[in-house]
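Biologist: Could you walk me through this model? I would like to go through its contacts and its charged pairs with you.

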Amino acid sequence: MANSVNTNIGAMIALKNLNNVSDSLSTTQKRISTGLNVADAYDDGASYAVAEGIRSDVKAIGAVNERLAVGKGMIDVAVKAGENISKSLQDVRVVLTKLADQALTGADRTNYENQYNTLKNDIDNFIKDAKYNNITLINTDTNQSIISNIDGGNITVTSQNLATAVYAQLSAASDYSAAATLIATTGALANAESNLGRAMNQLAADSRRITNQIGFNNAIADATNTGLGAIVDADLAKESARLQSLQVKQQLSSQALSIANQSPQSLLGLFR
């Protein structure tokens with residue numbers, strides 16, 4: 001190899017190694033700072049594309065569960081209203097039993113009739129006021145379909161028209177005979193109680209379906225995130241060891257370049 005001041009082969013090799021080490025060090029520092037082995041398309045375009053698709057699915061699952069939570073809110077409001085209606089029906093039975101007494105007359109009968117009408121109004125208000133986000137499940141015949149998965153599947157929440165099934169059953173108790181008819185075993189009050197029971201049972205069943213679907217969606221999201229991590233997450237223990245190794249290599253490469261840069265100085269001795 002010729003001794004030349006124009007071409008320093010040793011310095012060229014040392015500089016190339018230093019650049020390679022610096023590039024590797026930059027990559028490792030990026031993985032450590034982001035915690036990701038694939039942080040963007042520059043790291044691995046194919047893996048990044050797969051990861052972005054998975055992230056999109058996970059976000060969509062979150063959106064589905066948000067809508068399911070809204071559906072559960074509708075049912076919860078309807079169930080609370082049903083519980084209050086049930087308590088009012090118990091009071092209605094007490095008042096009607098008294099009104100069915102032929103011996104109840106005068107002001108006492110008038111007072112109990114007023115109580116009965118007040119309880120009916122309460123039930124009517126419970127039915128009309130049971131809205132969630134301005135949607136009712138107990139004062140309509142329209143079912144609600146709620147998205148349940150990222151493929152567009154739905155869960156149908158069955159509406160319960162308690163205005164017809166309960167309130168409309170409570171006819172006037174203008175005398176003891178009418179009251180007795182209402183509280184008979186097969187009377188209108190029994191129908192109202194039975195209809196309310198069926199409605200509450202259906203609402204509870206729909207609520208369980210939604211709760212189960214939310215749990216299932218969360219399990220899918222967790223499993224999907226685990227798979228995503230296997231694709232993009234960096235092994236920080238390995239990256240830590242790699243960082244230390246590269247830092248030593250960088251120092252050695254810098255020293256090697258410094259030594260190589262000094263080699264032309266030895267040529268000056270040939271001309272003294």
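Biologist: Is Glu193 buried, partly exposed or exposed?

Modeller: A word on the source comes with this: the model is predicted, local features need pLDDT of at least 70, side-chain atom pairs count only at pLDDT 80 or more, and totals for chains, interfaces and linings use all residues. Residues are numbered from 1 along each chain as its sequence is written, and side-chain values use heavy atoms, with hydrogens and water left out. Buried means under 20% relative accessible area, exposed means over 50%, and partly exposed lies in between (1.4 Å probe, protein chains only). Glu193 has 30% relative accessibility, so the class is partly exposed.

Biologist: Happy with that! With which residue does Glu193 form a salt bridge?

Modeller: A salt bridge here is a side-chain nitrogen of Lys or Arg within 4 Å of a carboxyl oxygen of Asp or Glu. For Glu193, the closest N and O atoms of the pair are 3.0 Å apart, and the partner is Arg93.

Biologist: How many residues apart in sequence are the parts that this pair, Glu193 and Arg93, ties together?

Modeller: Helices (H or I, at least four residues) and strands (E, at least two) are DSSP runs, numbered from the N terminus. Glu193 sits in helix H6 (residues 188-232), while Arg93 belongs to helix H2. Arg93 is partly exposed at 26% relative accessibility.

Biologist: How many salt bridges does a search of the whole structure find, and which residue pairs with Glu239?

Modeller: The search of the whole structure gives eight salt bridges. In the one made by Glu239, the closest N and O atoms are 3.4 Å apart, and the partner is Arg31.

Biologist: Where do Glu239 and Arg31 lie, and how many residues apart are they?

Modeller: Glu239 counts as buried, at 7% relative accessibility, whereas Arg31 is partly exposed with a relative accessible area of 22%. Their salt bridge links distant parts of the chain: Glu239 is in helix H7 (residues 236-262) and Arg31 in helix H1, and the separation is 208 residues.

Biologist: Which residues are linked with Lys30 in a network of salt bridges?

Modeller: Lys30 forms a salt bridge with Asp43, with 3.2 Å between the closest N and O atoms. Lys30 lies in helix H1 (residues 9-34) and Asp43 in the loop between H1 and H2, so this pair ties together parts 13 residues apart in sequence. Lys30 is partly exposed at 27% relative accessible area, and Asp43 is partly exposed at 32%. The residues linked with Lys30 in the network are Asp40 and Asp43.

Biologist: On to the helices: are H1 and H7 roughly parallel or roughly antiparallel?

Modeller: Axes are lines fitted to C-alpha atoms, for helices over the stretch in contact, and angles run from 0 to 180 degrees between N-to-C directions. Angles under 35 degrees count as roughly parallel, over 145 as roughly antiparallel, 65 to 115 as roughly perpendicular and the rest as oblique. H1 and H7 pack at about 160 degrees with their axes 8 Å apart. That makes the pair roughly antiparallel.

Biologist: At what angle do H2 and H3 pack, and how many nonpolar residues does their contact have?

Modeller: Helix H2 (residues 45-99) and helix H3 (residues 106-129) pack at about 165 degrees, with their axes 9 Å apart. Contact means heavy atoms within 4.5 Å, and the residues making this one include Leu89 and Val92 of H2 and Tyr116 and Leu119 of H3. Ala, Val, Leu, Ile, Met, Phe, Trp, Tyr, Cys and Pro count as nonpolar, Asp, Glu, Lys and Arg as charged, and the others, Gly among them, as polar. The contact of H2 with H3 has three polar and four charged residues, and the nonpolar number is 13.

Biologist: What phi does Asn133 have?

Modeller: Most residues other than glycine have a negative phi. Asn133 lies in the loop between strand S1 (131-132) and strand S2 (135-136) and is exposed, with a relative accessible area of 63%. Asn133 is not a glycine, yet its phi is positive, at about 55 degrees.

Biologist: Last one: which residues is Ser207 in contact with, leaving aside its neighbours within four places in sequence?

Modeller: Ser207 lies in helix H6 and counts as buried at 12% relative accessibility. With those neighbours left aside, its contacts are Lys72, Ile75 and Asp76.
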